[in-house]
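Subject: Structure handover

Hello,

Here is the structure we discussed, with the sequence alongside. My notes follow below it.

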Amino acid sequence: MPMSRRALAAAAVTALVLPLSACGSSDDGGGTTDAAGKVEGDITFETWNLRANFKDYFEGLIADFEKKYPGTHVKWIDQPAEGYADKISADAAGGTLPDVVNVSPDLAAPLAEAGLAMDLDKAAAPYKSEYLPGAWAGHQVPGLPGTYAFPWYLNTGPLFYNKALFRQAGLDADKPPKTYDELFADALQLAQKSGGKVATLANVPTIEDFGRYGSALMNKDGTGFAFNDAKGVELLTKYKQLYDAKALDPQALTATPESTGKKFLTGAVAMNPGSALDLDNFKKQAPSLYKNIGITDQITSTGHANMYVMGLMVNSRTKHAPAAVAFAHYVTDAEHQMSFAKKVAIFPSTAGSLDDPYFTKEDGTDETRVRVAAAKSLKNAVNYTPVLFSEQMKNALRNEVAKALQGKQSPKDALDNAVKACDQLLRQQG
């Protein structure tokens with residue numbers, strides 16, 4: 001995938017439906033191949049569109065691994081971003097899945113259900129403590145015991161806010177909202193003081209918002225969705241109030257990242273997620289905004305920000321389990337994650353790495369301001385997007401949310417209908 005902060009976040013959050021023909025064929029979930037034994041043999045390592053920008057890095061990493069473990073040989077395969085899910089599906093069905101595979105949680109889930117993803121809680125238990133708890137849990141699958149990929153790199157983004165707009169509304173520009181209750185109160189005041197000309201938000205609530213608000217999202221056994229619980233209905237009811245008061249941008253129902261970015265740039269929206277790339281854009285196109293820019297954490301009522309996580313899955317049917325597990329761990333250990341993070345705007349998933357001065361010390365640059373803010377929130381972040389939540393499900397939720405905001409149905413009915421549609425899609429996946 002393209003290796004910019006924006007593209008990484010987009011790639012990580014995009015749910016790719018994997019129509020694996022073997023889905024559900026295993027009764028016990030992912031494989032439990034014994035990874036103990038001598039690290040030796042030939043293994044294959046598949047990545048997701050990384051060769052173009054990081055050929056030297058990965059070739060060096062592989063050479064170092066082979067030197068550390070004589071008798072091993074790693075064949076690196078890099079697939080283009082387009083069609084990656086289909087390629088994995090075809091390899092899984094044909095028995096040609098590589099030994100170590102770059103996956104996002106939604107790609108790992110059907111492989112785990114089919115018994116093709118090694119359960120690392122069993123095969124690599126000693127390594128678990130090396131990773132952030134939220135990152136290790138990122139490749140767990142509801143209804144299955146175990147963890148099905150080593151966490152690799154993480155991404156997240158802080159929120160930007162316009163301090164001038166906050167001051168004009170009589171709000172403390174140095175105390176931006178941290179929880180949803182604070183956000184809703186500030187948003188209503190901003191809309192009222194501006195006569196409806198300034199919205200605080202430009203996007204409708206997504207599945208991550210329901211998670212950050214405290215909704216259960218799914219039932220415990222992973223057989224159905226549960227974001228129509230009391231917390232979910234409460235959140236959507238609040239958003240309906242914002243929409244009616246013009247505290248939520250009237251065009252939020254059809255918003256895109258580009259359109260919301262322009263609204264924030266022109267002062268029509270007071271808060272918006274972004275990256276260091278956006279700060280540079282503000283400096284050039286909107287100097288007055290740049291001078292008044294504030295950076296704060298994601299809004300959450302749970303105390304945990306949202307993270308996007310990529311991982312390395314080990315094929316449970318590998319003929320060289322010790323080598324495959326050792327290599328997946330080698331790529332994702334603290335040393336190699338730190339070296340990779342300094343080449344591209346991502347964050348390591350290893351415990352303690354985010355305490356490195358690289359992620360804690362500002363040097364006056366925009367890139368560092370955003371990196372430090374994002375790294376701070378990642379230490380106890382979680383991946384709120386259910387691993388089973390597909391792009392079709394996102395669309396179903398968005399459509400029902402739109403009807404509720406427009407007053408065509410109640411928030412409760414909207415979420416009931418969304419859960420019903422998503423549950424039906426979930427059954428079709430299985």
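A residue is called buried here if its relative accessible area is under 20%, and exposed if that area is over 50%, with partly exposed in between. The model is predicted, so please read what follows with that in mind.

In helix H15 (residues 334-341), the buried residues are His336, Gln337, Met338, Phe340 and Ala341. The buried residues of H15 pack against helix H2 (51-68), helix H14 (321-332) and helix H16 (357-360), and also against strands E4 and E9.

Six of its six residues are buried, so E4 is largely enclosed by the rest of the structure. E4 runs antiparallel to strand E8 (residues 308-314), and four bridges join the two. In that pairing, Phe150 stands opposite Leu312 of E8. E4 also pairs with strand E9 (residues 347-348), again in the antiparallel sense, over two bridges. There Tyr153 is placed opposite Pro348 of E9.

Another sheet is open and has three strands in the order E6-E5-E7, with antiparallel pairing. Its edge strands are E6 (271-273) and E7 (293-296), each of which pairs on one side only. On average, and with direction ignored, neighbouring strands of this sheet are turned by 30 degrees against each other. Strand E5 (residues 159-162) pairs with E6 in the antiparallel sense over three bridges, and Leu159 stands opposite Pro273 in E6.

Now the aromatic residues. How many aromatic pairs are there? With ring centres required to lie within 6.5 Å, the count comes to 31 aromatic pairs. One of them is Trp48 with Tyr84, which is stacked, at 4.6 Å centre to centre and 10 degrees between the planes. Trp48 belongs to strand E1 (residues 41-48) and Tyr84 to helix H3 (residues 84-94), so this pair ties together parts that are 36 residues apart in sequence. Both Trp48 and Tyr84 are buried.

Tyr131 and Trp136 give a tilted pair, because their planes stand at 35 degrees, with the ring centres 5.6 Å apart. Tyr131 is buried, at a relative accessible area of 3%, and Trp136 is buried as well, at 2% relative accessibility.

One aromatic cluster is made up of Phe45, Phe54, Tyr57, Phe58, Phe65, Tyr69, Trp76, Trp152, Tyr153, Phe327, Tyr330 and Phe340. Two of these names have come up already: Tyr153 is the residue opposite Pro348, and Phe340 is among the buried residues of H15.

Charged groups over rings come next. The charged end of Arg371 sits over the ring of Tyr358, 3.7 Å from its centre. Lys231 lies over the face of Tyr213, at 5.3 Å from the ring centre.

A last item concerns Ser259, in helix H11 (residues 257-266). Ser259 and Leu154 are 105 residues apart along the chain, and their C-alpha atoms are separated by 26 Å.

Regards

Key: Residues are numbered from 1 along each chain as its sequence is written. This is a predicted model: local features need pLDDT of at least 70, side-chain atom pairs count only at pLDDT 80 or more; totals for chains, interfaces and linings use all residues. Side-chain values use heavy atoms; hydrogens and water are left out. Buried means under 20% relative accessible area, exposed over 50%, partly exposed in between (1.4 Å probe, protein chains only). Two strands pair if DSSP finds at least two bridges between them. Axes are lines fitted to C-alpha atoms, for helices over the stretch in contact, and angles run from 0 to 180 degrees between N-to-C directions. Contact means heavy atoms within 4.5 Å. Rings of Phe, Tyr and Trp (its six-membered ring) pair if their centres lie within 6.5 Å; planes under 30 degrees apart count as stacked, over 60 as edge-to-face and the rest as tilted. A charge sits over a ring if NZ of Lys or CZ of Arg is within 6 Å of the ring centre and within 35 degrees of the ring normal.
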